[in-house]
Amino acid sequence: MGFGEGGRNLSSERFLPPSPIFIQNKAMRINILTLFPEWFASPLDTALLGKAREAGLVEFDILNPRDRTEDRHHIVDDRPYGGGPGMVMMLEPLVKTLRELETERGGAGRIIMLAAAGKPLTQSLARELAREETLTLVCGRYEGIDARLMDILPVEQVSVGEAVLNGGEAAAMMLVEAATRLIPGFMGKEESGDDESFSAGLLEYPHFTRPEVFEDVPVPDVLRSGDHGRIAKWRREQSLRTTLRVRPDMLDGAPLTSDDMEYLRETVEAAGRLRLGRNLHCALVHYPVFLGDRKTGATSLTNLDVHDIARCSRTYGLGSFTVVTPLKDQQTILETLVRHWTEGPGGVSNPDRAEAFSLVRMASDVQGAIDLVEARTGQRPVLLGTSARDNGVMTPQAVRDLLVDRPVLLLFGTGHGMAPEILDACDGILRPLRWMDAYNHLPVRGAVAITLDRVLGDCC
């Protein structure tokens, strides 16, 4: 039976509060479908949530689908079709309960099932839900709920995280707290909800209270200064610093000012930022590659490719950029190009370009590129290929994981892509950049720029 606790027939009625606030029109109404109504008895009466109920801001109706069964044993689950472990919650008790809400209890409103497969519960979604007049939360148990529920009724799935829970009750309480605390009047002081973690796309700044010194650890001087401008600035910087350290992924969607970005730049430099790009090396392969007639051969290097990939490599802090070509005339062209920008007039007029070209190396074949990286790092690099075809499965995160303690040589092909013998020799192949679309024909310098950004982003 999966979780085992489901054998009891628990009536939900004794958990419904008798308070008259539940008939007030101004209250937000939240229906909760659960096999364990007693789970909510204490949380819904505690602290601010209990006060909000007393004040008529929110009301709850707890319904047990087991009460809507008609067999002697009040069965609500059964074995899954297709086999597998555990049990699955049956449709009939759930659908009957939800339709009862529509016909006898004033409507179900927006129906949400707490499920690991759902969209994430974010502060933005919590704000959206706080504006609903009625919510209905469906708590699953066992291995889950018969998926046809989403076909029969307008049910949304919401997930509170990537950890596995025993059931949807704990997740439902998280959603309830996240949404109800944003109801006007719930917090007492409306700004309380605005300053907290995620409200501005960042994690919250740290808090302190009396005494001023505890076990030789003092409250920061700025918070005792009485200077509200300095305090606001300190709190913003602490919020930025905490987000950078704990959840750097949030910075992509956070509304940052130019001052914020400057502070973050200074912070990462002062902290001795771990630059994963130093372990990443890329190579532009001109041979062996597919040509237009699907035969393999060599392509000519282009000025734009070398310039743009060198600039990308420097921007993302790569260890080196190697151009692979066995053709002597192409090698001569490359040597002339590099010399112009590093030792000649090009470098004098454009020092930034000279800095980018200082990363450029040359090799006659892929093995030569491997040897260059090994000579530079003292380790044989992990060899990774790229391809627009559907023969790669590695993700950018997998590459980042490798870069922590290993050099990686990332190969990009010219022409119509690298020949099979090159890809077969790789330790792994990244999945295509546009693998969900039929048209996947990026210029190689564009593919390099996108790949480097996906692997390294702003914080590596």
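The C-alpha centres of domain 2 and domain 3 lie 38 Å apart. These belong to a division of the chain into domain 1 (28–190), domain 2 (213–271) and domain 3 (276–456), with bounds that come from an automatic or database domain assignment. The structure is a predicted model, in which local features need pLDDT of at least 70 and side-chain atom pairs count only at pLDDT 80 or more, while totals for chains, interfaces and linings use all residues. Residues are numbered from 1 along each chain as its sequence is written, and side-chain values use heavy atoms, with hydrogens and water left out.

Confidence is expressed as pLDDT, the predictor's confidence in each residue, from 0 to 100. The chain has a mean pLDDT of 91, and 92% of its residues reach 70 or more. Over residues 1–25, pLDDT stays under 50, and the model has 54 contacts beyond four places in sequence for this stretch; a contact means heavy atoms within 4.5 Å.

Helices (H or I, at least four residues) and strands (E, at least two) are DSSP runs, numbered from the N terminus. Helix 2 covers residues 91–104, and its end C-alpha atoms are 19 Å apart, in agreement with the 20 Å that its 14 residues should span at 1.5 Å a residue; the expected span is 1.5 Å times one less than the number of residues. Its buried residues include Leu91, Leu94, Leu98 and Leu101, where buried means under 20% relative accessible area, exposed over 50%, and partly exposed in between (1.4 Å probe, protein chains only). The buried residues of helix 2 pack against several elements, among them strand 1 (28–33), strand 5 (110–120) and helix 4. Just after helix 2, glycine 106 takes a positive phi of about 85 degrees.

A UniProt record, in an unreviewed entry, places a "binding site" feature at Gly140; such annotations may be inferred rather than shown by experiment, feature names are shortened, and positions are given in the numbering used here. Glycine 140 is located in the loop between strand 6 (134–139) and helix 4 (149–152). With a relative accessible area of 12%, glycine 140 is buried. Leaving aside residues up to four places away in sequence, glycine 140 touches Met89, Ile145, Gly167, Gly168 and Glu169.

Between helix 6 (191–194) and strand 8 (213–214), the loop contains proline 211, and the peptide bond from arginine 210 to this proline is cis, with omega near 5 degrees. Aspartate 216, in the loop between strand 8 and strand 9 (217–218), has a positive phi of about 70 degrees although it is not a glycine. Aspartate 216 is exposed, at a relative accessible area of 74%.

Helix 7 (residues 228–246) is capped at its N-terminal end by aspartate 227, a side-chain oxygen of which lies 3.1 Å from the backbone nitrogen of glycine 229; a polar contact is a pair of N or O atoms within 3.5 Å, and within protein one must be able to donate a hydrogen and the other to accept it, with residues adjacent in sequence counting only if both atoms are side-chain atoms. Among the buried residues of helix 7 are Ile231, Trp234 and Leu240, and their cover includes helix 8 (258–270).

Threonine 386 sits in the loop between strand 15 (382–385) and helix 14 (396–403). Threonine 386 counts as buried at 15% relative accessibility, and a polar atom of its side chain lies 2.7 Å from the backbone oxygen of leucine 411.
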